[in-house]
Amino acid sequence: MSYENLNIIELINKNEKIFKANVFENFIKYIKFPFYKNLEPDTLINFKFPLTVFVGENGVGKSSVLKALYGAPKGKSTGDFWFSTNVDPIEEFGQAGQRHCYFYGFNEGNELREVLKMRAKRRDKPDYWEPSKPVKKYNMNVDKRFSPITKNVIYLDFRSELSAFDQYFYFGDLKTHLSSNTKQEYLRRQSSKLKRVLDENKIYMLKNKKQNDEVYNLSENELQIISFILGSEYRSGRIVKHKLFDVWGTSVLLDREGIKYSEAHAGSGEIAIVKLVHELLKAKDGSLILLDEPEVSLHPGAQKRLKLLLLKLTLEKKHQIIISTHSSTFVENLPKEAIKLFFHSFDDNRVKILDECWYNEAFYRLGDTPSVNYKIQVEDKLAEKLVSKIMNEMGEEKFNNLKVFYAPGGASVIKTTNIKYYSYENPVRCFVLFDGDQRPKCSLRSPNSFTVTEANDKEFLSKSINEITNCHVKFDVDGNSEIGGRDDQVLLLQKKYLDYYNNYVYYFPLETPDEIIWDEKYIFNLIPDIKHRYEIKSKKTFKEKIFYASKVIYGNSNQVGALEDMLINYWIKKPTEEKDQIINILNKILFEINSSYNINNVVL
């Protein structure tokens, strides 16, 4: 099994493909929370990708939802992690007498099954959760009652994944070991027993009870993966669970590049990855794997390589993996369907969940700044204001690394100069949104559709560019007036230009932005004079209409921008086909950014 050549985009694309083919059996398709902790009532999370990431600030319930998912399968209970105490009593009922509950859906064959799990406090089991019959008011199907999903579950909270040594050294109680004066002395004494366990696989007994399990030797595959993630060569490794340091814990003995050491001298990230890889590789196919903050103690490169491993395992083992994280590394490149954004509502401080989230929106919420910024160039100031307004309405956090701008010169300069340079960037970082009157009169052809003869004909490519731009575009290449320019460079630049025009150039739905925002009824309500109304109607262009109307309304011609702002603010509140089309263009651009972002930025 090779790991060095894993490609993040290829893994994501393959996962998307097989997920759409419905090859994941017993996959939790969604979970809904009618009343659960501090979540907004009826919060719904859909799972549309094998790897899902919960992202958000501290205290927004990411771990709480992981624990609900832990309790979803047969034989598992959310009460294993969430229970009532005198200091933190659980409020048993919400509004209208609701109990804490959630329900989820999964497919059994072609049948969708829904299961409701509800907190049902009992005298002997104060934190009991039980499967309950479906409830109509939750919009569940009440015709049938189904058993919980049968699924192997692995839940790992990396904030608490301490080695046996660290558990005792930092949290152990020396008073119970009167023969030792210090923790160091106690650990030294007990480590002689641990050495025999690791070297001889000895089993210690106390009052007829085992004090350790058998030693497990890491396989070659496990060592290869650990080496890949951590960026060092691990030649051997042993794991054992034991109670030799007072409480049950895990010890590890590693050989890294010829240096042998135990968890006492290993980094916490090392121990976490060793335990995680061991658990992942022994998990049954189709397991539900829940990882709480796996980035703890891992540097960004190790985080990226861990994500590669997780995507490879979802592809090969059909696991459903869900991560809670604060790390933007785990968010990068993932499709928006895989990213769930948790945040506090300003209205009632309830936690809301955005079910689909672009990666840059998640970056914004995490207070992180993406390393790559993108731009949309438009023809004039009005187009810039119009697009900026729509972006703001859609949510500024979506566009924190995408800015709209215009520069003097208009469409001809964009075509003859700017696009030449935009098309040579990889990945492309600037998009163009022309007015509708710049839409080509001929159909666009991708360079991939050209014949071999066409693709190597400068004159044909030049004519193709001229047809779609109505401009003569000259490419600067190496060479001089005596020997001429290099044909291979010209051909490359021409094909890049055409490819850019096919994929990164968009058009407003109407001829101009002025036409999009113009509202004659709204303007005539501001201008009651019949003569002025007639004069406005007589103007040939919408730009002229706005210019004349601004003179009438404000008394001079210097307030065109103010009237444009008024028209935009009025227009943005109305449902219009043009607004939907511009929103669709912006979503396509976001998709392009999300698909191309950081493709080659995987540290191996």
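This is a predicted model: local features need pLDDT of at least 70, side-chain atom pairs count only at pLDDT 80 or more; totals for chains, interfaces and linings use all residues.

Q: In what order do the strands of the open sheet with parallel pairing lie, and which are its edge strands?
A: Strands of a sheet pair through backbone hydrogen bonds, either parallel or antiparallel. Here four strands form an open sheet with parallel pairing, in the order E19-E18-E20-E23, and its edge strands, E19 (402–406) and E23 (505–507), each pair on one side only. Neighbouring strands of this sheet are turned by 25° against each other on average, with direction ignored.

Q: How many bridges join E20 to E23, and which helices pack on this sheet?
A: Strand E20 (residues 430–434) runs parallel to E23 and is joined to it by three bridges, with Phe-434 standing opposite Tyr-507 in E23. Helix H9 (residues 381–394) packs on the sheet, where it touches E18 (374–378), E19 and E20, and its direction makes about 160° with that of E19. Helix H13 (residues 487–504) also packs on the sheet, touching E20 and E23, but the direction of H13 makes about 45° with that of E23.

Q: How does the open sheet with antiparallel pairing read, and what packs on it?
A: Its four strands follow the order E10-E11-E12-E13, and the edge strands are E10 (216–217) and E13 (259–262), each of which pairs on one side only. Between them, strand E11 (residues 234–242) and strand E12 (residues 249–256) pair in the antiparallel sense over eight bridges, and Ile-239 stands opposite Val-252 in E12. Helix H6 (residues 268–282) packs on this sheet, touching E10, E11, E12 and E13, with its direction at about 100° to that of E12.

Q: Why is strand E3 described as largely enclosed by the rest of the structure?
A: In a regular strand the side chains alternate between the two faces of the sheet, and each face can therefore be examined in turn. Six of the six residues of E3 (residues 51–56) are buried, so the strand is largely enclosed by the rest of the structure.

Q: With which strands does E3 pair, and in which sense, parallel or antiparallel?
A: E3 pairs in the parallel sense with strand E15 (residues 320–325) over five bridges, and the bridge partner of Thr-52 in E15 is Ile-322. E3 also pairs in the parallel sense with strand E16 (residues 339–344), over four bridges, and there Phe-54 has Lys-340 as its bridge partner.

Q: What can be read from the length of helix H18 and from its buried residues?
A: At 1.5 Å a residue, the 13 residues of H18 (residues 560–572) should span 18 Å, which agrees with its end C-alpha atoms being 18 Å apart. The buried residues of H18 are Val-560, Leu-563, Glu-564, Leu-567, Ile-568, Trp-571 and Ile-572. These residues cover an arc of only 165° around the axis, which puts them on the same side of H18.

Terms used:
Residues are numbered from 1 along each chain as its sequence is written. Side-chain values use heavy atoms; hydrogens and water are left out. Two strands pair if DSSP finds at least two bridges between them. Helices (H or I, at least four residues) and strands (E, at least two) are DSSP runs, numbered from the N terminus. Axes are lines fitted to C-alpha atoms, for helices over the stretch in contact, and angles run from 0 to 180 degrees between N-to-C directions. Contact means heavy atoms within 4.5 Å. Buried means under 20% relative accessible area, exposed over 50%, partly exposed in between (1.4 Å probe, protein chains only). The expected span of a helix is 1.5 Å times one less than its number of residues. The arc is that of the directions from the helix axis to the C-beta atoms.
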